[in-house]
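Hello,

I am passing on the structure we discussed, placed directly below. My notes on it follow.

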Amino acid sequence: MAERRPSRPLEEALRQRRVLVVCGAGGVGKTTTAAAVALQAAFWGRRVLACTIDPSRRLATSLGLTQLSEKPRRLALERLGFEARGTLHAMTLDTKRTFDALVERFAPSEAARGRILDNRFYRQVSDALAGTHEYMAMEKLLELQDDERFDLVVLDTPPTRHALDFLEAPDRLLSFLDTGILRFFLKPYFVAGRLTLRIATRTGALAFSMVDKYLGLRFLQDLSEFFLAFEGLYAGFKERAAQVFELLRDPGSGFVLVASPARLSLDEALYFHRRLVEKKMPFVGLVVNRLHPDPAAGARRGGTPPRLEPAFAEKLVAVHRDLRTLARAERRGLARLEVDTGMAPLLVPELESDVHDLRGLAEVAAAIFGTAPVKLRRRVS
Amino acid sequence: MIVERLLQRRLVILSGKGGVGKSTVGAALALIAAEQGRRTLLLEVDAPLEAARYLEAPPSGPEPVEVRPNLFTANLDPRGVMDEYVRHAVRIELLARRILESPIYDRFFSSAPGLKELMLLGKVMILEEEASGFARRPRWDLIVLDAPATGHGLSFLRVPLVASQAIPVGPVGTNARRILKLLRNPKKTALVLVAIPEEMAVVEARFFHTLAVDELGLDCAGVVLNAAYERRFSDAEEAQVLRLTRDGASGRLARDVELDSALLAARRHIRRRKLSRFYEGRLRRGLKEPLVTLPFLYAERFGLAEIRTLAERLAAA
């Protein structure tokens, strides 16, 4: 039956592909899942880089590290008692620095580069620009892809309210940086160096006067300098963005969806799956984390129990009922999902303790792939 | 005690990692306030599923709707807030419509950095300042803001600071400074951090606390540890659960309940209870803020009964 295992596409991706993108809404265990599958790939002999954009150090936490930096850091799997044939590196993305690097690469001249990097507006917003994190994550992905130290990059996407934002944010950023609009919008005023109301349409003039009135001229000046300085970069940016989309759609890439077994989360996973299919992105699996155990599964039936205090017996019955209610509701939701998508989700049961070290990650991986946990040579405290 | 402190403010901002139950905590707090006779607005931002459903009311949309006596909910839509701003600024409906329909507006305003956040917080400020009646009494006694999850929540709250530095002059800069002033006024605004007993939620709460309090200057009024497992069994009973498990006890305990299944459920509960206590200690020591623990509720779906349970616990803390 090995052929029919639902984890097969994901396993195949981890063994052979070059890029794995892990997406999901916040709070579903996305980072843990990304780290667990990255670890599993290292066990299988790949040279893996796990990359996160998270400002809140989740990946570091789940790898049992206190810090992660922009520089890939190798995890000493052997020293921790794991037998891995491959390697695992982890890093976090510094959005601002990636942006700076991009500017440096595409700036048409030294002067233009200086103008952008020194622009007050750029300094303030390069990190806060809507979509920047997602765009930079993709940018970094391109760069890492060429890094010879790694043959698989596992990307933990930024936490978003909607899992889809990750794919759409770069589009939004690019449309904001779009030359046409901004030139139209700003250039007539500042290229001339003085304020003239020379603008193509009345609406444009009106929109501009609004921006002027409510954002203030000084701000507009900064903004226009920023975009004028950026002008030479648009082409490069766009080209990179196109390359990223090509990379993501490539059969050498894979998308993993992560959800929690709560009904709302499953509904969202279903929706996201549909969108991935629409966008022709190579989907390789849906991981559902922290499934509550059904206490009644595998119970021995019948017989007379030992004598118990009635109050104690009542508490036992109550705790059993509560857990079973929850577990069954989750299973109903999963069954529905399977019918709707025609795919079996990869289930990770709730583990005895919270996952925040390599041992826990190995357990998660074992649950996903239905394998025995990777052997530990000795106990890790 | 925490609740008393919160009810003296005008604006309570809830923040925490995604999935920690900010909206249920927010609904519980709003319910307490409303039942004490305060006109309360439970405000969400672009929530895919609204908190109103916990109060067993239909989705309210961007306009405040009274879902229970004194309790209003609204789910702000960033685009709607921006359009409203344009209408307000332009005043002439025909011109406003031309702007709103223009592709330039559409693309510029939908992706301009931080503008969305600034507009939303501006709207919160306007709601806070709104007054009604002859006495010009504030329209809202309390606004409970369910902020976007911390991943985004921080950049959300950070925008006024960034904007007030980036835009020294003009109305937007002025507004950013006004918003910042409101957020930093401890008489008016309080931040409540929400976490659950899990490593990442706790780590993130601490991280967020440092940034919100030290960097942005918000006043943190307390921390809520949500979905904590509470003691159900006495020490002696817990020991008995383990003993019975070790002895491989079985038998039919009640209709549809086998003893070994019940022991499994009990052991899990005990384990989770211990973890909950561990993380409670971590939060208490790490944050040094007043802490309230709310119970994990075994409910398939949250409704008014569950929110009421949480509210009672919150009020008693």
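In what order do the 8 strands of the open sheet in chain B lie? The order is β3-β4-β2-β7-β1-β8-β9-β12, and the pairing is mixed. Strands β3 (65-68) and β12 (291-295) of chain B form the edges, each pairing on one side only. On average, neighbouring strands of this sheet are turned by 25° against each other, direction ignored.

Before going further, note that this is a predicted model. The scores are ipTM 0.86 and pTM 0.83. For chain B the mean pLDDT is 88, with 93% of its residues at 70 or more.

Back to the sheet. In general, the strands of a sheet pair through backbone hydrogen bonds, either parallel or antiparallel. One pair in chain B is β2 (residues 40-45) with β7 (residues 142-146), which runs in the parallel sense over 5 bridges. Within this part of the sheet, Glu44(B) stands opposite Asp146(B) in β7(B).

Helix α11 (residues 259-287) of chain B lies across β8, β9 and β12 of chain B, and runs at about 170° to β9(B).

Helix α11(B) also takes part in a contact between the chains. Its partner is helix α13 (residues 310-341) of chain A: the two axes come within 8 Å and cross at roughly 80°. Angles of 65 to 115 degrees count as roughly perpendicular, so α13(A) is roughly perpendicular to α11(B).

Which residues meet there? From α13(A) they are Leu316(A), Val317(A), Val319(A), His320(A) and Leu323(A). From α11(B) they are Ser261(B), Ala262(B), Ala265(B), Ala266(B), Arg268(B) and His269(B). Sorted by class, the contact of α13(A) with α11(B) has 7 nonpolar, 3 polar and 1 charged residues.

Chain A has 14 helices and 8 strands. Of its 381 residues, 47% are buried. Among contacts in chain A between residues at least 6 apart in sequence, 77% join residues at least 24 apart.

Regards

Terms used: Residues are numbered from 1 along each chain as its sequence is written. Chains are lettered from A and ligands numbered from 1 in the order in which they are written. This is a predicted model: local features need pLDDT of at least 70, side-chain atom pairs count only at pLDDT 80 or more; totals for chains, interfaces and linings use all residues. pLDDT is the predictor's confidence in each residue, from 0 to 100. Two strands pair if DSSP finds at least two bridges between them. Helices (H or I, at least four residues) and strands (E, at least two) are DSSP runs, numbered from the N terminus. Axes are lines fitted to C-alpha atoms, for helices over the stretch in contact, and angles run from 0 to 180 degrees between N-to-C directions. Two residues are in contact if their C-beta atoms, placed from the backbone, lie within 7 Å. Angles under 35 degrees count as roughly parallel, over 145 as roughly antiparallel, 65 to 115 as roughly perpendicular and the rest as oblique. Ala, Val, Leu, Ile, Met, Phe, Trp, Tyr, Cys and Pro count as nonpolar, Asp, Glu, Lys and Arg as charged, and the others, Gly among them, as polar. A residue is buried if 20 or more other C-beta atoms lie within 10 Å of its own, exposed if 12 or fewer, and partly exposed in between; C-beta atoms are placed from the backbone.
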